[in-house]
Amino acid sequence: MAEHQAILKADGLSKRYEDGVLALDRLNLEVQPGEIYCLLGANGAGKTTTINLFLGFIPPTSGSCFINGIDVSKDPLEAKKYVSFVSENVMLYGNFTARQNLDFFARLGGKTALTKDDYYRAMRRVSLQEKAFDQRVKNFSKGMRQKLGIAIAIVKDAPAVLLDEPTSGLDPKAAAEFLDIMAELRTEGKAVLMSTHDIFRAKEIGDRVGIMREGRLVMERTRDELHNEDLNRLYIDYMESAGQPASA
Amino acid sequence: MWRTIVKKELLETIFSYRFPLFAVICLLLVPLSMAVNQAAYAKRVRDYSDQVRLADEAAAAIKIQDIMAGTVAIRGFRRPAPLSVFTQGFESTLPRYYEFTQDGFKPGESATDDETILSVQGKVDFVFLVQMVISLIAMLFASDMVSGEKESGTLRAMLANSLPRDTLLSGKIGGGFLALWVPFLLAFLFGAVVLMFGAFPLAGGDTAVRVLIVLLATSLFILTYFTIGIAVSTSTSKARTSLVAILIVWAAFQLIVPRLGDMIARLAHPVRTETQVSLQKSLLVRSLDAETAKELGRQYDLIFKGAPEGAADNENSPERKKWDPIRDDIQNRARETKSQQLSAIDETYLQERRRQLDLAVNLSLVSPSAAFARFIADVCGTGELERAKYVEAVRSHQMALDNELFSKVKRTLMMHEGGGMSMSFSAQPVDASKLPRFTITPATVAETLKANARSLISLLVWLIAPFAFAYAKFVKYDVR
């Protein structure tokens, strides 16, 4: 993979909450354009904290994170122009139709000139059923909501995409479709940072995989390196060593 | 970006089950309350016209003998306030008329005499609906605007974009308020049409301006409550907690603080009733008159003791020449003393009321609802200002009647030492058709605004403070 300027970058990023818990400890991480980085870890490992820091929802205790070279702490609004976010449970406005939700979030993302056709195209791209386009989303399944969430990210067309447990609760078909879309985003040159518990899909889609434990990135492997290793075994080994001093 | 948020809030509210419920409540109750109060107003006007006609007829039939006998009681009626269709205020508790006699004035019965036991539950008028129903709905609409979105995760989804929080907050307030205001405005306009069909004098005098003030003040009042709801919502992280907090805040503002203010003021500065004051004045007049009669009798007996027969009736007799200036002097002094002491009683009473009212007003300013109700009642001519104007008009009418009618007959009542009494009269002609008519000069709009400066400041503070509070909270709101 050719070296570009990292779209997503964490530089010694730490977060200690008011209750004293160190949620993130000097995280260094870079995601290049056209790269999918999967963050694995148990609950409380610091994956979501990392995403929250990238989105400027919480301030770092020390260190910095950058989106497209912009320090999120210093200029969060400018930084967020270059990132899309898809959460575990994509939350949408139930009384709005899929297209209305898409239109609203696209406008928030700065896309004010999109047409109905653009929205339909995005929804087709994520394989949302045509009949659902103008239906209210309150009756959508989790998979449909997830697809719509990704459609929102697609129409925003930001260079970076943050995904927080996106495959959690999806059925195998929906999860497979999701991976296809991720692969397309990679082809388009997006830098994707995905937090997940799903070791198998992380191995399947990730260009790099990092394992977090107690706020620290304790292991990082490239796709090539993982060819010769058993990620499942690695993950379990690292999790089992919890309580012992973490080492990268 | 702001418009996008406004549009989204507007649509989200419109699509919710709450909106049609609110719209139906507004569109039914607001015009209905106006129509019902319009009918009641029309009835009061008819009663007023009949009673004024009868009183005029009675006044025209006044004879000098009636005045000599002290049986003349002239009634001055208060014209019902047209804008009482918006708020009843003191409309039914103010005396319908005052009765003016040589001894002073006293209040007549009020319109409450016509009411049934059901009226103890309060009257449903426009201001009641706004205060008790629309304000609560406004707060409930706002209750989950921040905490609810946090709970559902949509707040996180929105703020993952390059969206300034102040834009989001003001957009939420703008859109949410618009969703409330539009049905309210339609209901108000519909109500105005209903009033016009009922021959309401909308174009008379400054009524139209006052109606516009009512509309504007009510709109701002709804915005205030909506913003208070948003402020509560930004202080909690769960919609259910917001709901409970909102109900507590609403009850405090609507039910507790205003009543507590009045109760504390009544306890701290008790005030006698108008009837008690009238009675006190009557007793004073009676006592002063008796003293004067005694003094006159004593002087009369001194001067005319041993005087030839007919000396008292002969204007040229030396006794009579001595008696006349003494009598006039005693009567003038008595009149002055009476006037001073009666004024002192009135002044003390007014001071007591002012003190109580000032405390009640100041305490109630803690609640935007009380400030709003006081302001609207004054704008509609059914509030404290109208009561003060009424009393002012009553006093000046009494003075006018004293000059034009009661002073035309001079009664000289004397109590002699032996216990006997005698009375003499001197009378000037009276043209009953030229007696002054009782009128109340209504407060002008400028006077109303000036008199309500404190209420307006309170409303303004309540408009700005919750927004500032919500802003301060929302900037640091944890959206995770």
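Colleague: Which exposed residues sit on the face of α6(A) turned away from its buried side?

Modeller: In this predicted model, that face of α6(A) carries P172(A), K173(A), D180(A) and T187(A), which are exposed.

Colleague: And which residues of α6(A) are buried?

Modeller: Buried residues in α6(A) are F178(A), M182(A) and L185(A). Around the axis they cover an arc of only 55°, so they are on the same side of α6(A).

Colleague: What covers the buried residues of α6(A)?

Modeller: The cover includes three strands of chain A, β3 (36–41), β7 (160–164) and β8 (191–196). It also includes the helices α5 (142–156) and α7 (199–205) of chain A.

Colleague: How far apart are the end C-alpha atoms of helix α6 of chain A?

Modeller: They are 23 Å apart. Helix α6 (residues 172–187) of chain A has 16 residues, and at 1.5 Å a residue these should span 22 Å, so the two values agree.

Colleague: Which residue just after α6(A) takes a positive phi?

Modeller: That residue is G189(A), with a phi of about 95°.

Colleague: Let us step back to the whole chain. How many helices and strands does chain A come to?

Modeller: Chain A has nine helices and ten strands. Its radius of gyration is 18 Å, close to the 18 Å that the globule rule gives for 248 residues, so chain A is as compact as a globular protein of that length. Along the principal axes, its C-alpha trace spans about 55 × 40 × 40 Å.

Colleague: What percentage of the residues of chain A count as buried?

Modeller: The share is 47% of the 248 residues. As for contacts in chain A between residues at least 6 apart in sequence, 70% of these join residues at least 24 apart.

Colleague: What is the order of the open sheet of four strands in chain A?

Modeller: The order is β2-β1-β4-β5 (chain A), and the pairing is antiparallel. At the edges stand β2 (22–31) and β5 (70–71) of chain A; each has a single partner strand, so one side of each is left without a neighbour in the sheet.

Colleague: Which helix of chain A packs on the sheet?

Modeller: Helix α1 (residues 47–54) of chain A does, touching β1 (8–16), β2 and β4 of chain A. The direction of α1 makes about 115° with that of β1(A).

Colleague: Over how many bridges do β4 of chain A and β5(A) pair?

Modeller: Strand β4 (residues 62–67) of chain A pairs with β5(A) over two bridges, in the antiparallel sense. In one of the bridges, F66(A) has D71(A) in β5(A) as its partner.

Colleague: How many residues does the contact take from chain A and from chain B?

Modeller: Chain A gives 20 residues and chain B gives 18 residues. On the side of chain A that touches chain B, the elements giving two or more residues are α2 (76–79) and α3 (98–108) of chain A. The largest share of that side, four residues, comes from α3(A).

Colleague: Now chain B. What is the order of the open sheet that three strands form there?

Modeller: The strands of that sheet are antiparallel and stand in the order β1-β2-β3 (chain B). Both β1 (74–77) and β3 (104–107) of chain B are at the edges with a single partner strand each, so one side of each lacks a neighbour in the sheet. From one strand to the next, the twist averages 25°.

Colleague: How many bridges join β1(B) to strand β2 of chain B?

Modeller: There are four bridges between β1(B) and strand β2 (residues 97–101) of chain B, which run antiparallel. In this pair, R75(B) stands opposite E99(B) in β2(B). Helix α13 (residues 384–404) of chain B packs on the sheet and touches β1, β2 and β3 of chain B. The direction of α13 makes about 30° with that of β2(B).

Colleague: Which residue takes a positive phi in the hairpin of β4(B) and β5(B)?

Modeller: It is G419(B), with a phi near 100°, in a hairpin that has five residues between the strands. Strands β4 (residues 409–415) and β5 (residues 421–427) of chain B pair over seven bridges in the antiparallel sense. V409(B) stands opposite A427(B) in β5(B).

Terms used: Residues numbered from 1 in each chain as written. Chains lettered and ligands numbered in written order. Predicted model: local features only at pLDDT ≥ 70, side-chain atom pairs only at ≥ 80, totals over all residues. Pairing = 2+ DSSP bridges. Contact = placed C-beta atoms within 7 Å. Axes fitted to C-alpha atoms, helices over the stretch in contact; angles between N-to-C directions. Rg over C-alpha atoms; globule rule 2.2 N^0.38 Å. Buried ≥ 20, exposed ≤ 12 C-beta atoms within 10 Å, placed from the backbone. Expected span 1.5 Å × (residues − 1). Arc of directions from axis to C-beta.
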